[in-house]
Each structure stands twice: as structure tokens, then as C-alpha cells.
Amino acid sequence: QTRHYLAWMLTKAGTPDPAPAGLAPGSYSCSAGSAGTFPIVIRDGSTYVDRAGQAGRFSLVPASGEITFSSGSLKGQYARLLGPAKFGLSSAPAKTLYVVCNRR
């Protein structure tokens, strides 16, 4: 079996990810495995826009990396910061987040 990755999804081998301090603004591509991908734009430290153009708000607890979506299409989803330009999504708190969003 051969796996293919997009270069922007990878970090250099042997280089630890920097400690996440916040969620960097920008366009993110969220990969949901065989279900496909979808875009999310993080505007600043508290707002986002989904693929349908619907805006929402979120908050981040820096100590735990937990992201809470308080409005918009992601309201009620569980999320955790995985790096300064990467976060994971799940419908419930979990150790493994099957949807991963990487900044492009």
C-alpha cells in the first residue's frame, strides 16, 4: 500500500511541533478521511467562517488546547489544538480526532 501526503500537511522529521499558543488565522483544509475535505477560515482569535460562508465564534483554552465553538455550524463540536496551525474535530471529547484541519 502506498500513502500520499500533501507537503503542507507534513513537518520535517525529527523536528518537534512548536508548543501551540493559539490558533493562527488563515484558510484551513479539514480532512475527514474517506468522507473528503472541507474548508474553514479562521479570521482571528475568536471567529471563523465555514464553507457555506456562515460565520461563528469560538474560544480557546491555551493551557489545554481545547476549542469551544459557541455559534455557527461547528457549535457543539469538540475540538483541540494540535499545533499552531493545526486542530482536530470530533462530535464528542476523544483522544483520537478523526477530522484534522491544517492551515494552507
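Q: Tyrosine 28 and phenylalanine 87: buried or exposed?
A: Both residues are buried. Buried means under 20% relative accessible area, exposed means over 50%, and partly exposed lies in between (1.4 Å probe, protein chains only).

Q: What kind of model is this?
A: The model is predicted: local features need pLDDT of at least 70, side-chain atom pairs count only at pLDDT 80 or more, and totals for chains, interfaces and linings use all residues. Residues are numbered from 1 along each chain as its sequence is written, and side-chain values use heavy atoms, with hydrogens and water left out.

Q: OK, back to the rings. How many aromatic pairs are there?
A: Three. Rings of Phe, Tyr and Trp (its six-membered ring) pair if their centres lie within 6.5 Å; planes under 30 degrees apart are stacked, over 60 edge-to-face, and the rest tilted.

Q: Why is the pair of tyrosine 28 and phenylalanine 87 called tilted?
A: Their planes stand at 55°, so the pair is tilted. The ring centres are 5.4 Å apart.

Q: Where do the two sit in the chain?
A: Tyrosine 28 is in strand β1, and phenylalanine 87 is in strand β7 (residues 86-90). They are 59 residues apart. A strand is a DSSP run of E with at least two residues, numbered from the N terminus.

Q: And what about tyrosine 48 and phenylalanine 69?
A: Their planes are at 80°, so this pair is edge-to-face, with centres 5.2 Å apart. Tyrosine 48 lies in β3 (residues 47-49) and phenylalanine 69 in β5 (residues 66-69), so the pair ties together parts 21 residues apart in sequence.

Q: Which residues form the aromatic cluster?
A: Tyr48, Phe58 and Phe69. Tyr48 is buried at 0% relative accessible area. Phe69 is buried too, at 5%.

Q: New topic. How do the strands close up?
A: Eight strands close into a barrel, in the order β1-β2-β3-β4-β5-β6-β7-β8, with antiparallel pairing. Neighbouring strands are turned by 30° against each other on average, direction ignored. Axes are lines fitted to C-alpha atoms, and angles run from 0 to 180 degrees between N-to-C directions.

Q: How many bridges join β1 to β2?
A: Six, between residues 26-31 and residues 37-42. Two strands pair if DSSP finds at least two bridges between them. Serine 31 has threonine 37 of β2 as its bridge partner.

Q: Which cysteines form a disulfide?
A: Cysteine 30 and cysteine 101, with sulfur atoms 2.0 Å apart. The cut-off for a disulfide is within 2.5 Å. Cysteine 30 lies in β1 and cysteine 101 in β8 (residues 99-103), so the pair ties together parts 71 residues apart in sequence.

Key. Helices (H or I, at least four residues) and strands (E, at least two) are DSSP runs, numbered from the N terminus.
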